[in-house]
Amino acid sequence: MNIQELIQKCKENNLQAQSQVYQLFAGKLFALSLKYSRNQQDAEDVLQDSFLTAFNKIHQYNFKGSFEGWLKRIVINTALQKYRKEPSLYLVKEETISEEDVDFDESSLGVHDLLEMIQCLPDRYRLVFNLYVLDSFSHKEIAEMLNISIGTSKSNLSRAKQILKKSIENRKEKLEKA
C-alpha cells in the first residue's frame, strides 16, 4: 500500500493503516520531538500526543505538500503547546544581542553529546535555538509561534548559543584533562 492509500484508510479510521503510518514515521518524528523536549519521557509524550492529533485531524490533510512535513509541523506545534502551558516557560527580553560562533571537534563531540547539551538548555532558549538553527524558521515566524518580539527571539538565540559554547568548551577541557 502506498502512502496515499494509507492516508485515505486513516481518514476512514482504519487502525491497521494508522499503525502502519505510525511505524513509518515514528522514528523520525521521535528524533524531532526529542530536540524540543527536556528528556526522553517528554519526547515520548509529545510524540504520542502528536500522533493522536494527526489521526484526529487527518481529514484536514489534502495531499498538498508532503505528509511527513505535515506531521513534523504537528510535532513542533505539540511540543510548543506543551511548554506554553508550563509556568516555567518565560521568554526573557534581553537587549544585548551578539552572535556566538561555536566551534567543536566532531571527533570528540558526537551528535548525542550535542543533543544532550541542547536538551539541558532552559526551555525558552532550547525552543528558539531548535526552531531557528535546526528547523530553519525565521525570527519573525518564531516570534509569532511563541508570542514574543523578534528582538526577544534573537536575544534568546544568542543566549542559547552562548550557553552551548560554554558547554562545548567545558567538554573540551574535560577531554583534554582525561
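**Figure 1. Order of the elements in the protein chain.** From the N terminus on, the predicted model runs α-α-α-α-α-α-α-α, with 8 helices and 0 strands. Helices (H or I, at least four residues) and strands (E, at least two) are DSSP runs, numbered from the N terminus. Residues are numbered from 1 along each chain as its sequence is written. Because the model is predicted, local features need pLDDT of at least 70 and side-chain atom pairs count only at pLDDT 80 or more, while totals for chains, interfaces and linings use all residues; side-chain values use heavy atoms, with hydrogens and water left out.

**Figure 2. Helix α2 and its kink.** Helix α2 covers residues 15-36 and has a kink of about 50 degrees centred on Ala 26; the bend at a residue is the angle between axes fitted to the seven residues ending there and the seven starting there. At the start of α2, the backbone nitrogen of Gln 16 has a side-chain oxygen of Asn 14 within 2.9 Å. The buried residues of α2 include Val 21, Ala 26 and Leu 29, where buried means under 20% relative accessible area, exposed over 50% and partly exposed in between (1.4 Å probe, protein chains only). Packing partners of the buried residues of α2 are α1 (3-11), α3 (40-56), α4 (67-85), α5 (111-119) and α6 (123-134).

**Figure 3. Surroundings of Lys 35.** Lys 35 lies in helix α2 and is buried, with a relative accessible area of 16%. Its side chain makes a polar contact with the side chain of Asp 135 at 3.0 Å. A polar contact is a pair of N or O atoms within 3.5 Å; within protein, one must be able to donate a hydrogen and the other to accept it, and residues adjacent in sequence count only if both atoms are side-chain atoms. Not counting residues up to four places away in sequence, Lys 35 also touches others, including Leu 115, Ile 118 and Arg 126, contact meaning heavy atoms within 4.5 Å.

Figure 4. Rings of Phe, Tyr and Trp (its six-membered ring) pair if their centres lie within 6.5 Å; planes under 30 degrees apart count as stacked, over 60 as edge-to-face and the rest as tilted. By this rule there are 7 aromatic pairs. The rings of Tyr 22 and Phe 51 have centres 4.7 Å apart and planes at 55 degrees, so this pair is tilted. Tyr 22 lies in α2 and Phe 51 in α3, so the pair ties together parts 29 residues apart in sequence. Phe 25 and Phe 67 form an edge-to-face pair, 5.6 Å centre to centre with 70 degrees between the planes.
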